[in-house]
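Please look over the sequence and the structure first, and then read the points below against them.

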Amino acid sequence: MRATFLIAACVFLTSCAFVRGSENEPIDPAAVRSLVPGQTTAREVTERLGAPSSIVELGNRSAYRYDHLVTKGAGLLAILVIVANADSRADRLWVFFDENDVLTHYGATLSGHRGQYAFPWEDVHEQEDNDAKDAERPGLTK
Amino acid sequence: MRSLLSCLLLLALTSCLSMNFVRTRFGEPVADASIAKMESGPQDLTSCLAELGAPELVWTSEDGNMRMAYAWSDVFDWGFSVTFSFNQFVQISGALDSVDHRVHSVVLAFDEDLQLVDISRGYLWDLAPSAQASNPAFRLLNNTPR
């Protein structure tokens, strides 16, 4: 009887925790689609997207980085054991300019919205989950 | 057995003994199919960005080539700690933690004409030792890769 009580106490005297953190603003998919290599200038990029988080010099060329990081954490706090998971995803955009500050290339990964509150044993990279979350984000699909 | 269980429970109830299992995931892995496509024929910066999206890092290496790193991590840490107070002035504690801060990566190298010349796979710590300081993946993992 006493052992049963102790086991029950260990099982039920638990609590859950959910945390969410983010850095910078999400990248606007429409602003990304408006970029035109060979035409858009660095000034126009900063007018549309704001100040980059970092700038890299690449010889005569340069590249600006934009990013938005989202971390979602979930934890189960039992008496004796703490089980937790953190899932971080990012919106990230790199824009490359020539020596005249004209856009030559850009690459975007918009997945900041894909983060999940999950436990360590759960798969957070399933394609159907990503597709469902992509469909919920305004402006992501053309 | 019963006394051992009682001791463990007493320590646990007073927060003197705890165990933790924490999984930390950052980013999304680069698909093998994407790498195979990159390796299947000549590629340039445009096609690489279209296939893989935005990299985590961009830098110029010592050989003058531009390099881009795609990075992600999936680490499972565990540990336990024990704390015991003898009185209001004396307390002892101990902790043991398993910490894995390795960040997986795919690094692409481009020549002056921005043609893809090399693809490397491995830990970011090994492939981009000079470029890691600004990497959020390292920052997220306490900036202490092994």
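Two strands are said to pair if DSSP finds at least two bridges between them. On that basis, in this predicted model, seven bridges join strand β4 of chain A to strand β5 (residues 103–110) of chain A, the two running antiparallel.

**Pairing of β4(A) within chain A**
- In the pairing of β4(A) with β5(A), A:V95 stands opposite A:Y106, and the two strands form a hairpin with five residues between them, where A:D101 in the turn has a positive phi of about 60°.
- Strand β3 (residues 61–77) of chain A also pairs with β4(A), in the antiparallel sense and over 16 bridges, and A:D67 has A:R92 in β4(A) as its bridge partner.
- A hairpin is likewise formed by β3(A) and β4(A), with three residues between them.

**Pairing of β4(A) with chain B**
- Strand β1 (residues 17–26) of chain B runs parallel to β4(A) and is joined to it by eight bridges, with B:F21 in β1(B) as the bridge partner of A:V83.

**Burial of β4(A)**
- Strand β4(A), which spans residues 81–97, is mostly covered, since 15 of its 17 residues are buried.

**The loop residue B:H101**
- B:H101 is found in the loop between β4 (91–98) and β5 (104–110) of chain B.
- Because its relative accessibility is 7%, and buried means under 20%, B:H101 counts as buried.
- The C-alpha atoms of B:H101 and B:D74 are separated by 8.8 Å, while the two residues lie 27 residues apart along the chain.

Notes: Residues numbered from 1 in each chain as written. Chains lettered and ligands numbered in written order. Predicted model: local features only at pLDDT ≥ 70, side-chain atom pairs only at ≥ 80, totals over all residues. Heavy atoms only, no water. Buried < 20%, exposed > 50% of the residue type's maximum accessible area, 1.4 Å probe, protein only. Helix = DSSP H or I, 4+ residues; strand = E, 2+ residues; numbered from the N terminus.
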